[in-house]
Amino acid sequence: MTATAALLGRPESASAPSVAAPWITRIACGCFLVACLAVYGIDTIAPARTGTAYIVVHAALTVAMLAAWAAGGAAQARLIAVSGIVARLILIAAPMLSSNDAERYLWDGAVALAGFDPYSVPPADPMVAGLRAIWATPPEHAAYPTLYPPVALAIFAGSALAGPVWGIWVWKLVASIAGIAVVPLAHRLLRRHGLERHLALVALSPLLVLETGVGAHVDSLIALVMVAALLAFDARRPGLVGALLGVGACIKLLPAAALIGLGLAMGWRALLRMGAAATGTVAAIYGAALAIGWHPIGSLPVFFEKWRNGSPLFTLLEAMLPTSGLITTLAILAIVLLGTALLLARARPVLATQVAMATPLLLSPVAFPWYLLALVPLAALTPSVTLLGWLTLSPLVYEVRDRFVSEGIWMPATWPLMVIGAGWMTGLAIDAMRARFRLSAPDREA
């Protein structure tokens with residue numbers, strides 16, 4: 001079945017690949033690579049409009065990805081995989097346009113190497129004045145200590161060993177290697193499910209490619225962890241799944257939510273083994289961090305106090321409700337969504353994992369585009385208009401980068417949130433109609 005047929009729920013016979021499909025795939029992959037190369041011209045052509053330029057490039061890459069997905073099929077999987085790897089290689093040296101988080105990563109690593117507790121010492125602390133003379137630190141981060149879990153900090157520190165000049169390139173290489181490794185592992189995962197035709201959704205994912213090369217975000221490692229955990233899940237190795245998700249949670253907390261969908265799908269005994277492996281892994285890592293003098297517990301609220309962006313639902317509720325009502329409403333929504341994931345887990349583990357991992361992102365005050373990278377492999381296993389639409393529309397929040405880069409003013413517009421929210425509602429309506437169509441198909445055939 002072609003990608004278009006799969007998305008619309010049509011039978012394969014109604015949408016057989018045409019003889020032009022290989023050429024369409026080749027052209028789409030070529031256009032994808034050209035659009036990646038275009039990133040290098042943004043600083044020259046639109047230095048004060050980097051956010052808008054990113055959105056344009058992302059849109060072009062999305063068109064190319066969808067064309068390759070619709071026309072490619074399993075027969076073109078190798079071409080799509082190679083194109084995805086080449087795209088990531090192209091962007092290793094690309095300028096970092098979507099955020100300056102990589103500078104913060106290296107700063108946190110340098111603080112750790114200097115023997116300070118990065119969870120207690122913010123960049124503005126006089127104790128690290130000497131480091132500020134050596135390492136670039138984003139000024140908007142000056143008052144806040146790190147919030148990244150211990151494994152992430154260890155990787156940042158390893159990159160910082162290369163020094164202030166080469167450290168950033170070491171980190172970009174680490175992120176890019178993780179992004180490249182995702183492609184063959186995702187290919188293997190999809191082949192196990194007979195879904196090679198969906199490889200373009202990972203290999204040519206604009207969000208995954210750009211946020212690895214242009215953003216250099218730590219979330220590229222989370223995407224790799226998720227693919228590895230899904231492979232271990234398919235092999236029915238709950239202990240390994242738990243250990244991988246535990247390591248992932250020590251890089252960024254989001255993978256812990258996957259335990260809800262994947263654990264119950266294997267049964268209660270497997271869930272206990274998975275949970276024990278995850279808990280043991282997290283306890284060992286955080287215990288080691290505490291043993292060397294770090295205090296990582298309780299650092300996350302700092303971020304939520306500081307930032308607001310990319311979250312239509314939270315923004316709407318915060319404008320309508322007092323603080324107590326907001327907290328109550330968010331708690332109720334969390335219970336409903338996670339309860340839905342629990343109900344789906346046995347019959348639809350991938351969908352349940354999508355819901356479980358989307359829940360904290362939907363309810364958070366902050367949902368930057370790169371936070372969604374962990375959902376990309378799940379979107380390829382079970383594509384939906386809702387999820388693919390979210391992945392496509394999320395970079396609209398980068399409009400804030402234009403004024404931030406040119407004037408130093410962080411003032412997100414509301415229209416991207418309105419578009420993303422409308423995309424959610426439209427996607428849910430379309431997916432509901434597709435589900436109803438599939439359920440009624442046997443009755444019509446009878």
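**Close-up views of a predicted model**

**View 1. The largest pocket.** The largest pocket has a volume of about 1300 Å³. This is a predicted model, with residues numbered from 1 along each chain as its sequence is written. Local features need pLDDT of at least 70, side-chain atom pairs count only at pLDDT 80 or more, totals for chains, interfaces and linings use all residues, and side-chain values use heavy atoms, with hydrogens and water left out. A pocket is an open set of points on a 1 Å grid over the protein atoms alone, where a 1.4 Å probe fits, with protein on both sides within 12 Å along at least five of seven lines. Its volume is the space filled by probe spheres set on the points, which are joined across faces, edges and corners.

**View 2. The pocket lining.** The largest pocket is lined by 42 residues. Lining residues have an atom within 4 Å of a point. Leu351, Gln354, Val355, Ser384 and Asp431 lie nearest the centre of the pocket. Helices H12 (219-234), H18 (323-344), H19 (349-363), H21 (385-393) and H23 (415-445) each give two or more residues to this lining. H23 gives the most, with 10 residues. Helices are DSSP runs (H or I, at least four residues), numbered from the N terminus. The lining divides into 27 nonpolar, 9 polar and 6 charged residues. Here Ala, Val, Leu, Ile, Met, Phe, Trp, Tyr, Cys and Pro count as nonpolar, Asp, Glu, Lys and Arg as charged, and the others, Gly among them, as polar.

**View 3. Two loop residues with positive phi.** Alanine 216 sits in the loop between helix H11 (206-213) and H12. Its phi is near 50°, a positive value in a residue other than glycine. Alanine 216 is buried, at 0% relative accessibility. Arginine 236 is in the loop between H12 and helix H13 (238-249). Phi of arginine 236 is near 55°, again positive in a residue other than glycine. Arginine 236 is exposed, at 54% relative accessible area. Buried means under 20% relative accessible area, exposed over 50%, and partly exposed in between (1.4 Å probe, protein chains only).

**View 4. Valine 170 in helix H9.** Valine 170 belongs to helix H9 (residues 163-192). Valine 170 counts as partly exposed, at 31% relative accessibility.

**View 5. Leucine 97 and histidine 187.** Leucine 97 lies in the loop between helix H5 (77-90) and helix H6 (101-113). At 6% relative accessibility, leucine 97 is buried. Histidine 187 is 90 residues from leucine 97 along the chain. Their C-alpha atoms are separated by 29 Å.
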